[in-house]
Amino acid sequence: MLLDSILVPETIIKPRSFAGLMSVYESNFLRLLNLIPELERLDGCYRSRVVGDCDLHLEILQRERYTLTLSLTYYFATADGRIADPDMLIRVYLDGRVAEAMSLGSEHRHVEFRRLCRAHGEELGERWTRNVILNKWLEYLLDQGHLILEQQP
């Protein structure tokens, strides 16, 4: 099996093309499956904990026959409570085996997310930007050792 973590979306696909965007969606799906092995049967809230990184939170928001919608985020304490960052809303198309970042919060605590937004914000459309960021974040999470198995109470 080809290791998806060695793929670099910017170099293998034409930016802004439909085929390029679908390639990123396919890569997102494969990375999500590595991060969440039981993706197709989960429901509720889950957490992944690894040494040296923030707790990763997953919530299944909506489940349909062929799709599911989930949120994936870190939570940070602030003076006003807590904030979710990068605050991703992701739609997974189980039958098509693709995953799309539907929304991404606009304020980012992570320097790398801010850099990706600046680098791709003018060059690419919003959809491209969100999904390249999701792809890179999923790669990072897998490199850190995250694995969604623990359901939150």
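Biologist: Which side chain does the side chain of Asn-28 make a polar contact with?

Modeller: The partner is the side chain of Asn-135, at 2.9 Å, where a polar contact is a pair of N or O atoms within 3.5 Å, and within protein one must be able to donate a hydrogen and the other to accept it, with residues adjacent in sequence counting only if both atoms are side-chain atoms. This is a predicted model, in which local features need pLDDT of at least 70 and side-chain atom pairs count only at pLDDT 80 or more, while totals for chains, interfaces and linings use all residues. Residues are numbered from 1 along each chain as its sequence is written, and side-chain values use heavy atoms, with hydrogens and water left out.

Biologist: Is Asn-28 buried or exposed?

Modeller: Asn-28 is buried, because its relative accessible area is 0%; buried means under 20% relative accessible area, exposed over 50%, and partly exposed in between, with a 1.4 Å probe and protein chains only.

Biologist: And what is Asn-28 in contact with, leaving aside its neighbours within four places in sequence?

Modeller: Counting contact as heavy atoms within 4.5 Å, Asn-28 touches Ala-99, Asn-131, Leu-134, Asn-135 and Leu-138.

Biologist: Which helix is Asn-28 found in?

Modeller: Asn-28 belongs to helix H2; helices (H or I, at least four residues) and strands (E, at least two) are DSSP runs, numbered from the N terminus. The 18 residues of H2 should span 26 Å at 1.5 Å a residue, and its end C-alpha atoms are 26 Å apart, which agrees; the expected span is 1.5 Å times one less than the number of residues.

Biologist: Which residues of H2 are buried?

Modeller: They are Gly-20, Leu-21, Val-24, Tyr-25, Ser-27, Asn-28, Phe-29, Arg-31, Leu-32 and Leu-35. As background, an α-helix has 3.6 residues a turn, so residues three or four places apart point the same way.

Biologist: How many salt bridges does the structure hold?

Modeller: The structure holds three. Among them, Arg-41 and Glu-38 meet through their side chains at 2.7 Å, N to O, with Arg-41 exposed at 60% relative accessibility and Glu-38 partly exposed at 34%. Arg-49 also forms a salt bridge with Asp-55, whose closest N and O atoms are 3.0 Å apart, and Asp-55 is partly exposed at 25% relative accessibility.

Biologist: Changing topic, how many disulfides does the structure hold?

Modeller: There are zero disulfides, taking a disulfide as a pair of cysteine sulfur atoms within 2.5 Å. Cys-45 is partly exposed at 30% relative accessibility, and Cys-54 is partly exposed as well, with a relative accessible area of 26%.

Biologist: Where does Cys-45 lie?

Modeller: Cys-45 lies in strand E1 (residues 45-48), and leaving aside neighbours within four places in sequence, Cys-45 is in contact with Leu-58, Glu-59, Gln-151 and Gln-152. The C-alpha atoms of Cys-45 and Leu-58 are separated by 5.7 Å, although the two are 13 residues apart along the chain.

Biologist: What about the other strands, and in which sense do E2 and E3 pair?

Modeller: Strand E2 (residues 56-63) and E3 pair in the antiparallel sense over six bridges, two strands being paired if DSSP finds at least two bridges between them. Ile-60 stands opposite Leu-70 in E3, and a hairpin joins E2 to E3 through three residues.

Biologist: How many bridges are there between E3 and E4?

Modeller: E3 and strand E4 (residues 81-93) pair over 11 bridges, again in the antiparallel sense, and they form a hairpin with two residues between them. The bridge partner of Thr-78 in E4 is Gly-81.

Biologist: Why is E3 largely enclosed by the rest of the structure?

Modeller: Nine of the 12 residues of E3 (residues 67-78) are buried, so the strand is largely enclosed.

Biologist: Zooming out, how many helices and strands are in the chain?

Modeller: The chain has four helices and six strands, running α-α-β-β-β-β-β-α-α-β from the N terminus on. Buried residues make up 42% of its 153 residues, and among contacts with a separation of 6 or more, residues 24 or more positions apart account for 55%.

Terms used:
Salt bridge = Lys/Arg side-chain N within 4 Å of Asp/Glu carboxyl O.
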